[in-house]
Amino acid sequence: MSEEEIINQDEEFTEEDEEKLPFAKAEVVRLMKENLDDDKMIRERVKVEMNKFLGDVLKNVCKQLNDYPYTTIEYEMLKESTYPYTNIERINQEKERILLHLEAIKADCNALAMDVQKTLKLKDVVEEDSFTSFSAIDDEEEEEE
């Protein structure tokens with residue numbers, strides 16, 4: 001796809017979605033530029049999709065706030081509702097910790113399973129040996145008689 005086609009596609013995208021955006025586009029772009037490196041250029045579609053994404057986040061937070069039975073929304077409710085968005089690093093670290101712990105548990109279970117199989121095999125061998133030795137003794141006693 002040529003650069004001209006990309007620009008035309010961006011322009012078409014803008015005209016269709018400009019009026020449907022939840023936030024002022026200039027404000028979203030300003031915030032993006034504040035937080036991106038100076039050498040970054042932002043395509044029009046990215047500006048529009050970021051605006052839509054932020055609107056979706058706001059809708060999701062409001063849905064969660066609606067789950068509270070109270071008519072007044074308190075700051076603590078907002079903090080709880082935005083927790084997944086504001087603490088994503090901590091959540092990912094906790095996820096990694098849990099996955100590592102589960103792997104350790106799996107390894108322990110596998111080691112225990114191998115021990116049990118070994119133990120059962122030894123018992124089977126001992127029982128077979130003792131059965132064999134008993135039948136051999138019985139056979140010898142019968143031959144002597």
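Predicted model: local features only at pLDDT ≥ 70, side-chain atom pairs only at ≥ 80, totals over all residues.
Biologist: What percentage of the residues count as buried?
Modeller: To count as buried, a residue needs a relative accessible area under 20%. The chain has 145 residues, and the part of them that counts as buried is 16%.

Biologist: Okay, what pattern does the chain follow along the sequence?
Modeller: There are zero strands here, and the helices come to five. Read along the sequence, that gives α-α-α-α-α.

Biologist: Are helices α2 and α3 roughly parallel or roughly perpendicular?
Modeller: Helix α2 covers residues 25-35 and helix α3 covers residues 44-66. Their axes come within 10 Å and cross at roughly 100°. Angles of 65 to 115 degrees fall in one class, so α2 and α3 are roughly perpendicular.

Biologist: Which residues of α2 make the contact with α3?
Modeller: On the α3 side, the contact uses Glu-44, Val-46, Lys-47, Met-50, Asn-51 and Leu-54. By class, the whole contact has three charged residues, one polar and six nonpolar. From α2 come Lys-25, Val-28, Val-29 and Met-32.

Biologist: Within what arc do the buried residues of α2 fall?
Modeller: The buried ones in α2 are Lys-25, Val-28, Val-29 and Met-32. Look down the axis of α2 and they line one face of the helix, because they fall within an arc of 95°.

Biologist: And which exposed residues sit on the face of α2 turned away from that buried side?
Modeller: Exposed means over 50% relative accessible area. On the face of α2 turned away from its buried side, the exposed residues are Ala-26 and Glu-34.

Biologist: Is Lys-47 buried or exposed?
Modeller: Lys-47 is found in helix α3. Leaving aside neighbours within four places in sequence, Lys-47 is in contact with Val-28, Val-29 and Ile-42. Its relative accessibility is 17%, and the cut-off is under 20%, so Lys-47 counts as buried.

Biologist: What about Ser-81: which residues does it touch, not counting those up to four places away in sequence?
Modeller: Ser-81 has its place in helix α4, residues 75-86. With a relative accessible area of 1%, Ser-81 is buried. The residues Ser-81 touches, with that same exclusion, are Val-61, Gln-64, Leu-65 and Tyr-68.

Biologist: Last one: what share of the contacts joins residues at least 24 apart?
Modeller: Here we take contacts in the chain between residues at least 6 apart in sequence. Among those, the share joining residues at least 24 apart is 50%.

Technical notes: Residues numbered from 1 in each chain as written. Heavy atoms only, no water. Helix = DSSP H or I, 4+ residues; strand = E, 2+ residues; numbered from the N terminus. Buried < 20%, exposed > 50% of the residue type's maximum accessible area, 1.4 Å probe, protein only. Contact = heavy atoms within 4.5 Å. Axes fitted to C-alpha atoms, helices over the stretch in contact; angles between N-to-C directions. Parallel < 35°, antiparallel > 145°, perpendicular 65-115°, else oblique. Nonpolar A, V, L, I, M, F, W, Y, C, P; charged D, E, K, R; others polar. Arc of directions from axis to C-beta.
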